[in-house]
Amino acid sequence: MTVLERSTPGRIWSSTIGKKAVMGVTGLFMLLYVTIHMASNLKIFLGRDNIDGYAVWLRELLDGLLGYEGFVWIARVGLVVAVVLHMTAAIQLARRAKKARPAGYKHRAKIQASYAARTMRWAA
């Protein structure tokens, strides 16, 4: 299969920008999950009945469409997929970057100068 015959998701995944976009979307999804999870765990301070009611509501969310706990399982699978995609893209991008520049950057030795002399070019 040539590049021209590849599907749109395949073309996106094979490009560097596509991998970075996948990392951005999956990172945003994971951040959203952690934020909602943290906020809902704070319900414990409102009492046992409040957090128990929230747990029941979460399990019954979209009950008619997905079945009991269907939403929770979709969220779990979605999180696993997001983590796997995020890690895979990160590893592949790191390998691609290493392959593009096998020799590291040269570091200049620090010169003996004051902080003001070293940062003078940024002062304006």
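## Helix α2 against helix α5 in a predicted model

Helix α2 passes helix α5 in a left-handed crossing, a term for a near helix turned anticlockwise from the far one by less than a right angle, with clockwise giving a right-handed one. The axes of α2 (residues 16–41) and α5 (residues 70–100) come within 9 Å and cross at roughly 145°. Axes here are lines fitted to C-alpha atoms, for helices over the stretch in contact, and angles run from 0 to 180 degrees between N-to-C directions. Helices (H or I, at least four residues) and strands (E, at least two) are DSSP runs, numbered from the N terminus.

The contact (heavy atoms within 4.5 Å) involves residues of α2 including T16, K19, V22, M23, T26, F29, M30 and Y33. On the α5 side, the residues include L79, A82, V83, L85, H86, A89, L93 and R96. By class, the residues of this contact divide into 12 nonpolar, 6 polar and 3 charged. Ala, Val, Leu, Ile, Met, Phe, Trp, Tyr, Cys and Pro count as nonpolar, Asp, Glu, Lys and Arg as charged, and the others, Gly among them, as polar.

The model is predicted: local features need pLDDT of at least 70 and side-chain atom pairs count only at pLDDT 80 or more, while totals for chains, interfaces and linings use all residues. Residues are numbered from 1 along each chain as its sequence is written, and side-chain values use heavy atoms, with hydrogens and water left out.

### The protein as a whole

The secondary structure comes to 6 helices and 0 strands, in the pattern α-α-α-α-α-α along the sequence. The radius of gyration is 24 Å, well over the 14 Å that the globule rule gives for 124 residues, so the protein is more spread out than a compact globule. That radius is taken over C-alpha atoms, and the rule is 2.2 Å times the number of residues to the power 0.38. Along its principal axes, the C-alpha trace spans about 65 × 50 × 25 Å. Of the 124 residues, 11% are buried. Buried means under 20% relative accessible area, exposed over 50%, and partly exposed in between (1.4 Å probe, protein chains only). Among contacts between residues at least 6 apart in sequence, 57% join residues at least 24 apart.

### Individual residues

T26 is found in helix α2 and is buried, at 8% relative accessible area. Beyond residues up to four places away in sequence, T26 touches A82, L85 and H86. The side chain of T26 also reaches two backbone oxygens, that of V22 at 2.8 Å and that of M23 at 3.2 Å. A polar contact is a pair of N or O atoms within 3.5 Å; within protein, one must be able to donate a hydrogen and the other to accept it, and residues adjacent in sequence count only if both atoms are side-chain atoms.

L58 sits in helix α3 (residues 48–60) and is partly exposed at 24% relative accessibility. Leaving aside neighbours within four places in sequence, L58 is in contact with F71 and V72.

| Residue | Phi | Relative accessible area |
|---|---|---|
| L62 | near 55° | 43%, partly exposed |
| E69 | about 65° | 22%, partly exposed |

L62 is found in the loop between α3 and α4, and E69 lies in the loop between α4 and α5.
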